[in-house]
Amino acid sequence: MTTEENSRNEVEISIEDLDVTFHDNSGNEVRALEGVSLDIRKGEFISLVGPSGCGKTTLLRTIADLQKPTDGMIHVAGRLPREERLMQKFGIVFQQPVLFDWRTVQKNVELPLELMYYSRKDRHQRAKDMLEMVGLSDFADSYPSQLSGGMQQRVNIARAFAIRPEILLMDEPFSALDEFTKEKLHEDLLRMWRQTNKTVIFVTHNIQEAVFLSDRICVLSPHPGRLSAIVDVTLNRPRTAEMKYTPEFNSLVEKVRNSFEGGSI
Amino acid sequence: MTTVLYPVLFGILILVLWQTKTLHAILHTDTFTLPLPGRINAIIADNFPTILGNTIVTVRVAILGLLIGSAAGYLIAVLVVIFPTLGQGALAVTSVFTAIPIVALAPVMNNWTKDVSGVVSVRSAVSKIIVVALVCMANMSINAYRGLTEVKPFSEDLMKVLAAKPVKMFTKLRIPNSVPYIFTALKVGVPSSIITTIVSEYFAEYLMGIGRQIKENILMAQYAAAWAYIVTACVIGIALYALLMVVQALVMRNRKAR
């Protein structure tokens, strides 16, 4: 076994018997996650798939230390999520673009670097490189409101990559975009993932999207949220748009769909 | 362009109705009680140095009161965000000040500040500034609190994931987000600081100031002179509001429509 394969098999995030319970606005107890155990390997592209209420976003937020576990353990690179978060090891992209409209595109990408006290010169160069990677160099001095939704989401991806995070967390990042923009961003994301070799945790309710992007797909079921299956995606890499029309792709989509408890959704 | 044009045209229409005494016919009044614009204008021209002297006294109080009150209001809002449980009460208490009539507040402050300085103009100014500041404070604290807390969804989560320290949460997110809300508060604060100053001057110890002059002239039935000061007060209000608009345009020049 080569060293590269060794590092690929190394466990980056280990989740053991995780329970997350919280109270909603009307005070009812919501069992968002129950007994979830999962090992995520370093450099792996993993998707969390399931209908709304299955706890996929909660699982992502718990890894990022935005939500406290009620019971069970999460370790990220052998440490607690909080420690990893404070070392800025996470990059995050939310469902809607979170850009500060008083900052230019360039300054928005520089934000995480400012928080880690990078020098002005380093910040500028890094943000410039990131904007080039997402193809928005010409818009560095624009303001977010001057950009389309797809472009705004690309700025979010550039910002997430800017700190060179060990783990990239994406919470339905493309769900609000049109099909053409979405396909383009799928290819951009896979290219950037290949170049940087980050661990990506990708939340989506779109099965095709999950199959196209992932190494493995975790299928979650609702009420209470629990992990009901893990599907290995056996498609070759690099992935191309043509693969979406192959029988292998369709049978994987079918397999994921049939993994939901109680059959198809 | 029409936002400037229509009010100006409306103003001219009123002036024409006023000068041609049509306004007097509508209001069943005479040119003694409501002097003609030409006459008011002549009084302002003849007494320009005196009016200017009074204007400076009033504007100084209004601006200092507005700035001190707004700064205090903003600080309260910041404290409410930091200590939410204590804070909600503080916000409520602050807004109680707006419910106290200025006519009640002014004499209280006159008494309270009587030992501040041996100079009448100074202690009178301090008293009036406190009244103006109290009135402006609540307005700013409520708007600033909204500006500091009503951030885009997930902004706080983003900052947390990026390991932002609590201070950075303010300097990089909350404070920049509050800037448009500061201007919202000031747009109300500018006119109300002038009105508050003028009303406080009715009760002030010091005899200079536009409010005082309006009161004295009305008491002596010199309506034309009183109107000269009323017009001056209007001009100050418009000038300060225009100044605020210019500052806002400069500060927010980079924020495009949302």
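**Notebook: sheets, domains and chain contacts**

I began in chain A, where I found that the bridge partner of Ile13(A) is Ile40(A), a residue of β2(A). Strands and helices here are DSSP runs numbered from the N terminus, with at least two residues (E) for a strand and at least four (H or I) for a helix. The model is predicted, so I note that local features need pLDDT of at least 70 and side-chain atom pairs pLDDT 80 or more, while totals for chains, interfaces and linings use all residues. Residues are numbered from 1 along each chain as its sequence is written, and chains are lettered from A and ligands numbered from 1 in the order in which they are written.

**Entry 1: the three-stranded sheet**

I looked up how strand β1 (residues 11–23) of chain A is joined to β2(A), and found nine bridges and an antiparallel run. Two strands pair if DSSP finds at least two bridges between them. These strands belong to an open sheet of three, in the order β2-β1-β4 (chain A), with antiparallel pairing. β2 (29–41) and β4 (71–76) of chain A each have a single partner strand, so one side of each is left without a neighbour in the sheet. The twist from one strand to the next averages 20°.

**Entry 2: the six-stranded sheet**

I then traced an open sheet of six strands in chain A, ordered β5-β6-β7-β3-β8-β9, with mixed pairing. Its edge strands are β5 (90–93) and β9 (226–232) of chain A, each pairing on one side only. Inside this sheet I checked strand β3 (residues 45–49) and strand β8 (residues 216–221) of chain A, which run parallel and are joined by four bridges. Val49(A) stands opposite Val219(A) of β8(A).

Helix α9 (residues 247–259) of chain A packs on the sheet and touches β3, β8 and β9 of chain A, its direction making about 165° with that of β9(A). Angles run from 0 to 180 degrees between N-to-C directions, and axes are lines fitted to C-alpha atoms, for helices over the stretch in contact.

**Entry 3: the domains of chain A**

I recorded domain 1 (3–89 + 167–259) and domain 2 (99–164) of chain A, with bounds from an automatic or database domain assignment. Their centres, taken over C-alpha atoms, are separated by 25 Å. Eleven residues of domain 1 of chain A are in contact with twelve of domain 2 of chain A, contact being C-beta atoms, placed from the backbone, within 7 Å. Helix α7 (residues 179–196) of chain A gives the largest share of the domain 1 side, six residues.

**Entry 4: two helices of chain B**

How do the axes of helix α4 (residues 48–82) of chain B and α9(B) cross, and at what angle? They come within 8 Å and cross at roughly 140°. The two helices are therefore oblique to each other; angles under 35 degrees count as roughly parallel, over 145 as roughly antiparallel, 65 to 115 as roughly perpendicular and the rest as oblique. Among the residues making the contact are Gly65(B) of α4(B) and Gly189(B) of α9(B).

**Entry 5: where the chains meet**

I found 19 residues of chain B in contact with 19 residues of chain A. On the chain B side, α8 (155–161) and α9 (166–202) each supply at least two residues, and α8(B) gives the largest share, five residues.

How values were computed: Two residues are in contact if their C-beta atoms, placed from the backbone, lie within 7 Å.
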